[in-house]
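Dear colleague,

I am passing on the structure we spoke about, with the sequence alongside. Below it you will find my notes on what came out of the analysis.

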Amino acid sequence: MPACRRHPDPRRRGTVYRSRPRLWGRGRGLAGPPGLIPPGQQPDGRPPAPAGPAPGYDPRSAQPPYAAPGAGPGSHPGPAPRSPGTCPPAAVPGSAPGGPGPGGRFGIRPGGSGPLAGAARRIRWRWVALAVVAVLVVYPLALFAIAWNHLGKVAAMPSGARPAQTPGTTYLVVGSDSRAALTPQERARLGTGQVAGGRTDTLMLLHVPAGGGPTVLVSVPRDSYVSIPGHGKNKINAAYAFGGPQLLVQTVEQATGIRVDAYVETGLLGYADLVDAVGGVTVCVKSPIKDAKAHLDVPAGCQVFDGKAALGYARARYSDPRGDLGRVERQRQVLAAIAGRTLSPSVVLLPWRAFPAASAGGSALTVDDSIGPTDLVGFVLAMRDVAGGGGLSLTVPISNPNLTTPAGSAVQWDATRSRALFADLARDDTEAIRPIAAAQKKATG
């Protein structure tokens, strides 16, 4: 019978050696751990002892010749010596794969230790790290890329003389009531009517301060009576009809003295589609509203609006005794609810809602062609801040809501208080606006 190629390790109980490394099959495998004694040698490098008792061995002694060096009496002896050519006993059922050795056939020790077990753990943690990176980085970037690629672009910044650059970032937020892009079916579904041309239903200034104060959202009544460059005095929403976004931006800058940094516009259809994409928005109605022209009939109390109801609620004016002033407050309310819902975990963390919302959100917006990704992200985060109650919401101070003019009944600003409001915004001092916002909120209940 040929000599066995496996030899026990005198220092470690149960260790099995092979004459050559094995990999993943018979005759292939991992070499023994470093520091172990190669086959055919004893701890001191001498050739193996012959069969039979070693010279000088005293059976009465507690120190057998195969005990670990330095072990005292009573220590656990190593494996009994075997004659050359003998092999270690077969593996006990239930022991580690590959025999009784501490590493088993593949170097994995019981309890999950060993070189391959450590490598397996490293591989698992690497996949976990990649999954975390995908959730925290790739997923948000994918949502943003979808929204960005669906945006509409327009040249909104006017040429010529403009106010000096002011601290912070000011967005002009516009809701267009143009029906030109709507099909007859969409007009019937949303109840928008057949009005020709395009004006602005919604007009707001969103200011994000650079000095760390609260974000401010200021509603500008669409019937505000102001000077429109090249067109005399008229309602401010007529500027959009006369010269589009550029003339509207120029009119707002001239009336307020604040430089507009970015332009964001949404249309009627995009407004409704975005609400439907996020699964509706929750709106708390102070008193019942029934408005035939807005196709709206809702009770008082908090309720979930779909796209059509949210659009009607924001546009209703004839059923509101406060007219345009009540309308701008509802517009702020709905816009903030949309922003809060769009960025909520119930939308962002669910891909089947998040990706349609990103697509609908991008399609709903038209921005000036100079806006960058950072500006767009700043706009969304600022609207969420207002929706969460961290910002201030108010309307330009009014002195006469029913001013008689050649253009019809219009809204007249309070010259002193509105000038002070715009001066605070131009200085980026949004904390000074807090008392004005609190007074308005108290007055409107």
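In which helix is Val133 found? Val133 is found in helix α1, which covers residues 115-149; helices here are DSSP runs of H or I with at least four residues, strands are runs of E with at least two, and both are numbered from the N terminus.

Before going further, please note that this is a predicted model, in which local features need pLDDT of at least 70 and side-chain atom pairs count only at pLDDT 80 or more, while totals for chains, interfaces and linings use all residues. Residues are numbered from 1 along each chain as its sequence is written, and side-chain values use heavy atoms, with hydrogens and water left out.

Overall picture

The protein has 11 helices and 15 strands, and 41% of its 445 residues count as buried, where buried means under 20% relative accessible area, exposed over 50%, and partly exposed in between (1.4 Å probe, protein chains only). The accessible surface comes to about 23,200 Å², 60% of it belonging to carbon and sulfur atoms; such areas come from the Shrake-Rupley method with a 1.4 Å probe, and for residues only the protein chains shown count as cover. Among the contacts (heavy atoms within 4.5 Å) with a separation of 6 or more, 64% are between residues 24 or more positions apart.

Cores and the residues around them

The largest nonpolar core holds 43 residues, of which Leu206, Val281, Phe305 and Tyr313 touch the most other members; a core is a set of buried Ala, Val, Leu, Ile, Met, Phe, Trp, Tyr and Cys residues joined through side-chain atoms within 4.5 Å. Apart from it lies another core, of 34 residues, among them Val174, Val226, Leu392 and Val411.

Leaving out residues up to four places away in sequence, Tyr313 touches a set of residues including Phe305, Arg330 and Gln333. Gln333 itself lies in helix α6 (residues 324-342) and counts as partly exposed because its relative accessibility is 29%. A polar atom of the Gln333 side chain lies 2.8 Å from the backbone oxygen of Cys284.

Ala437, in helix α11 (residues 434-443), is buried, with a relative accessible area of 8%. Beyond its neighbours within four places in sequence, Ala437 is in contact with Leu392, Ser393 and Leu394.

Two loop residues

Asp428 sits in the loop between α10 (415-426) and α11, and it counts as buried because its relative accessibility is 12%. Most residues other than glycine have a negative phi, whereas Asp428, which is not a glycine, has a positive phi of about 70 degrees.

Thr166 is placed in the loop between β1 (152-154) and β2 (169-176) and, at 11% relative accessibility, counts as buried. Neighbours within four places aside, Thr166 is in contact with Ile258, Arg259 and Ala426.

With best regards

Notes: Polar contact = N/O pair within 3.5 Å; in protein donor to acceptor, adjacent residues only side chain to side chain.
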